[in-house]
Amino acid sequence: MREQDFVFTDADFRRVVSIIYARAGIRLNESKQSMVYSRLARRLRALNLEKFSDYLDFLEADRKHEEWQQFTNSLTTNLTFFFREKHHFDMLSDQLQKLHGPVRIWCSASSTGEEPYSLAMTAIEAYGSLKPNVEIIASDLDTQVLAKARSGIYSMDKLDKVSTERCKIFFLKGKGENTGQARVRRELREMIEFKQINLLAHSWPLLPYFDAIFCRNVMIYFDQATQRVMLEKMGRLLKPNGFLYVGHSENLHHMSEWFHSCGKTVYRLTDKAIHEWGSSK
């Protein structure tokens, strides 16, 4: 690491690890020390502080200060792109074509919006209508990425993995000062409700029940005990025939009592889960 502009000790790092785990359930190992420094150094600079200990003292002095959101946003990873893990969208398309009536999907880690807009495009294609009877809830902890997602505006390089046909149908190219950017069509934006949700919160501002829940590349940041609590809550929000989609490096082996695999990193409720949780469904 280059010479640091701010005093950042091992004790400071351990405090950051403890605080972000308590607030967001995110586990940071020793390899993340440089990342923590680089991301939080911006906040020290903005607040004209010289030491990380001063910054952490500042945070803990007021548990409701708006800086807490900046702290959380800084340590949240938001790697995403359109149609990431394509097989999930193929499976969702098959799932949707077998469903009738209103369909509800929850994207629990929407980041900058590429995933929920990919869900919306998949639904439109599956039903052959720009206004399918599909509701998508897209949530994230990070308010900054949610604002980006709501705008639906992306640089053209973000569309590299989107087919030419989809680009023509679902995006509007910017002109003049907006050259080099594209915006998703209004019909897609109207299908999605973006909201801030902390997955560690005791309750979530969501109405049951969902046909599909996308919780991809989220559990890798939580320990197994936290995963179990979160996944059980998600299971209770799934319809009996609903699908839970998780990330390529994640599995629910430790939740086999409640979920069984029905595809590549796709799960359904077990009969036991349906029986025990289904009384309210």
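**A loop, its contacts and the helices**

Trainee: Where is Met219 found?
Mentor: Helices (H or I, at least four residues) and strands (E, at least two) are DSSP runs numbered from the N terminus. By that numbering, Met219 is found in the loop between strand 7 and helix 10.

Trainee: What kind of model is this, and which atoms do side-chain values use?
Mentor: This is a predicted model, in which local features need pLDDT of at least 70 and side-chain atom pairs count only at pLDDT 80 or more, while totals for chains, interfaces and linings use all residues.

Trainee: Does Met219 count as buried or exposed?
Mentor: Residues are called buried under 20% relative accessible area, exposed over 50% and partly exposed in between, using a 1.4 Å probe and protein chains only. Because Met219 has 2% relative accessibility, Met219 counts as buried.

Trainee: Which residues does Met219 contact, and how far apart are the C-alpha atoms of Met219 and Val246?
Mentor: Contact means heavy atoms within 4.5 Å. Apart from neighbours within four places in sequence, Met219 is in contact with Gln227, Met230, Leu231, Val246, Glu250 and Leu252. Although Met219 and Val246 are 27 residues apart along the chain, the separation of their C-alpha atoms is 8.3 Å.

Trainee: Which residue joins its side chain to that of Asn217 in a polar contact?
Mentor: Asn217 lies in the loop between strand 7 (210–215) and helix 10 (224–237), and Asn217 counts as buried because its relative accessibility is 14%. A polar contact is a pair of N or O atoms within 3.5 Å; within protein, one must be able to donate a hydrogen and the other to accept it, and residues adjacent in sequence count only if both atoms are side-chain atoms. Leaving out residues up to four places away in sequence, Asn217 touches Arg84, Glu85, Gly247, His248 and Glu250. The polar contact, of 3.3 Å, joins the side chain of Asn217 to that of Glu85.

Trainee: What arc do the buried residues of helix 10 fall within?
Mentor: In helix 10, the buried residues are Thr226, Gln227, Met230, Leu231, Met234, Gly235 and Leu237. Seen down the helix axis, they line one face of helix 10, because the directions from the axis to the C-beta atoms fall within an arc of 160°.

Trainee: Which helices do the buried residues of helix 3 pack against?
Mentor: Phe52, Tyr55, Leu56 and Leu59 are buried in helix 3. They line one face of the helix, because they fall within an arc of 95° seen down its axis. The buried residues of helix 3 pack against helix 1, helix 2 and helix 4.

Trainee: What is the N to O distance in the salt bridge of Lys86 and Asp90?
Mentor: A salt bridge is a side-chain nitrogen of Lys or Arg within 4 Å of a carboxyl oxygen of Asp or Glu. Lys86 and Asp90 are 4 residues apart in helix 5 (residues 86–97), so they are separated by about one helical turn. Lys86 is exposed at 53%, whereas Asp90 is partly exposed at 37%. The N to O distance between their side chains is 2.8 Å.

Trainee: How many residues apart in sequence are the parts tied together by Glu257 and Lys272?
Mentor: The side chains of Glu257 and Lys272 meet in a salt bridge of 2.1 Å, N to O. Glu257 lies in the loop between strand 8 (238–246) and strand 9 (259–263) and Lys272 in helix 11 (residues 271–277), so the parts that they tie together are apart in sequence by 15 residues.

Terms used. Residues numbered from 1 in each chain as written. Heavy atoms only, no water.
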